[in-house]
Amino acid sequence: MIMDINDKILRTFPNSKNELIRIIFGKNEMLYLNDKNYYIDLTGGGTSFNTVGYSNRRIINKMVNKALLISHADFKTTLDEDREKLAELLLKDNKISNEFVYFAGNSGGEGIEAAMKLSYQTHLELGYSKRNIFISRMESYHGSSTDAIAISDRKNLLIYKDLFPCNRYKISDHYFIKNRRIGETKEEYTKRCLDEFEKKILELGPEKVCAFIGETIMGGLQGFIEPCDGYWKGIRDICDKYGIHLILDEVICGCGVTGNYYCIEYDGITPDFLVISKGLTSGYFPLNAVLLTRKTYEAISNGSGRTNHSTTFQGHSIGCAVALEVTKIVKRHIFLKRVQKLGDLVRQKIESYLKGHPNFIAVHGRGLRISIEYSFNNMISFADYFRNLMKQKYKILLDVKWHRILLSPPLTISEDKLLSSVEKICLEFLNYKE
Ligand SMILES: Cc1ncc(COP(=O)(O)O)c(C=O)c1O
């Protein structure tokens, strides 16, 4: 018997091999199986990375032209004009005041680990050698390297728990609708979250805490949950009070997807480290970047004079050229305004259809990273049914899991296409009987 080569490829979900779709080509938000069969991809490539659409000619031309010049020249020892222009663009005209950037490698999780190491090193260079504790939040996801999973919170990751580094602690997630007590206001809830954070710091010893790590809006696991007003300002103040760094994970919510280039611009604070990845290159090349403050830059350059995190493909020449072109498209006022406006329209449409429905809890998100939160007696059966229904009946790919439907369209999707898809989602939601 001839064995299918796919039987020799171990996949994340080996048992759902039959559900895999063979994509031949993509165009903006469309994925084609052949000339006639297609899907409308509202998952942003499966994991919310697609920002400027599939087969974007401008990006492809840039990528090919760069590859014709150079495959990759080492970040540590060479200069590259596209990398420099990218750094300039990432740091220009932001409402946050991070002035420096580090290209740490390829995946989001690698960027998170680099930020943790840079945070630790900054303290060390400044003479604080005891700060080796990181505090993160429940229901977070920061990547799949060993330290990134240690600060994340997913049940399946616990099989690795004996490998986790020590000195990693968690506080509650920040999710008003889910965690509020009866009668509690948003202000009271926010204060409770901040008190919990400060209490944890005092319990662990403020002089031992290195950094707090959080996703600016709680991402894929929870469903783009926006923080209450004053939450990040409060976290920033507590970090400052005890000399603790704030690391923001914008791997999924940075790079324009929320309608500000950096999501934290909505909250008016500056983190010590801000990590971006997915949308940075829209999936055309793996790349991450970590924004830094002057304090870190100077601590390292005036101290030991080197970073100790390094990878072969950090600041990849082709990756930076691609990221430069994607950023030139996305980081324009008119483009970001459209993302905000379209996101607002989608949320309003969802509210207008579903408000008052007993299984609809809320619509969440910023810009074009949106979720519909629901509650059914059998959540798994709703999620499986709904995902398959949208796929079979309307050719719409949707991420439906746990308690939420995620919408992560490319930011270049047309208003008509997006709103008509959202209408179908809402009508089918209303039709669903448990
Ligand atoms: C918020 C967040 N951080 C980090 C990561 C890890 O990124 P990567 O899978 O590229 O390592 C992800 C991936 O989904 C993410 O959503």
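This is a predicted model: local features need pLDDT of at least 70, side-chain atom pairs count only at pLDDT 80 or more; totals for chains, interfaces and linings use all residues.
Which side chain has an N or O atom 3.4 Å from an oxygen atom of the ligand? The side chain is that of Ser107.

## Ligand contacts

Lys278 places a polar side-chain atom 2.9 Å from an oxygen atom of the ligand. Tyr141 takes part through its backbone: a polar atom there is 3.3 Å from a nitrogen atom of the ligand. On its own, the ligand has 390 Å² of accessible area, and the protein covers 80% of that.

## The shell around the ligand

Which residues surround the ligand? Ser107, Gly108 and Gly109 belong to the shell. Tyr141, His142 and Gly143 belong to it as well. Sorted by class, the shell holds 5 polar, 3 nonpolar and 3 charged residues.

Ile252 sits between strand E8 (245-249) and strand E9 (273-276). Ile252 has 14% relative accessibility, so it counts as buried. In sequence, Ile252 is 223 residues from Glu29; in space, their C-alpha atoms are 18 Å apart. His142 lies in the loop between E5 and H5. Is His142 buried or exposed? His142 is buried, because its relative accessible area is 3%. From His142 to Leu89 the chain runs 53 residues, and the C-alpha separation is 25 Å.

## The chain as a whole

The chain contains 14 helices and 15 strands. Its C-alpha atoms fill a box of roughly 60 × 60 × 55 Å along the principal axes. How does the radius of gyration compare with that of a compact globule? For 434 residues, the globule value would be near 22 Å; the chain has 22 Å, so the two agree. Of these 434 residues, 54% count as buried.

Helix H11 covers residues 317-330, which is 14 residues. From first C-alpha to last, H11 reaches 20 Å, close to the 20 Å expected at 1.5 Å a residue. Why can H11 be called largely enclosed by the rest of the structure? The reason is burial: 13 of its 14 residues are buried.

Helix H14 covers residues 415-431 and has 17 residues. H14 reaches 24 Å between its first and last C-alpha, close to the expected 24 Å. Which residues of H14 are buried? Leu418, Leu419, Ser421 and Val422 are among them. Ile425, Cys426, Glu428 and Phe429 are also buried. An α-helix has 3.6 residues a turn, so residues three or four places apart point the same way.

Most residues other than glycine have a negative phi. Asp93 has a positive value, near 50°. Glu139 has a positive value too, near 60°.

Asp93 is found in the loop between H3 and E4. Its relative accessibility is 67%, so Asp93 counts as exposed. Glu139 lies between strand E5 (133-137) and helix H5 (146-151). Glu139 is partly exposed, because its relative accessible area is 29%.

## Other loop positions

Asn94 lies in the loop between helix H3 (81-91) and strand E4 (100-102). Is Asn94 buried or exposed? Asn94 counts as buried, because its relative accessibility is 15%.

Gly243 is in the loop between helix H8 (231-242) and E8. At 35% relative accessibility, Gly243 counts as partly exposed. Gly243 and Phe386 are 143 residues apart along the chain, and their C-alpha atoms are separated by 47 Å.

Definitions and conventions: Residues are numbered from 1 along each chain as its sequence is written. Side-chain values use heavy atoms; hydrogens and water are left out. A residue is near a molecule or strand if one of its heavy atoms lies within 4 Å of it. A polar contact is a pair of N or O atoms within 3.5 Å; within protein, one must be able to donate a hydrogen and the other to accept it, and residues adjacent in sequence count only if both atoms are side-chain atoms. Accessible areas come from the Shrake-Rupley method with a 1.4 Å probe; for residues, only the protein chains shown count as cover. Ala, Val, Leu, Ile, Met, Phe, Trp, Tyr, Cys and Pro count as nonpolar, Asp, Glu, Lys and Arg as charged, and the others, Gly among them, as polar. Helices (H or I, at least four residues) and strands (E, at least two) are DSSP runs, numbered from the N terminus. The expected span of a helix is 1.5 Å times one less than its number of residues. Buried means under 20% relative accessible area, exposed over 50%, partly exposed in between (1.4 Å probe, protein chains only). The radius of gyration is taken over C-alpha atoms; the globule rule is 2.2 Å times the number of residues to the power 0.38.
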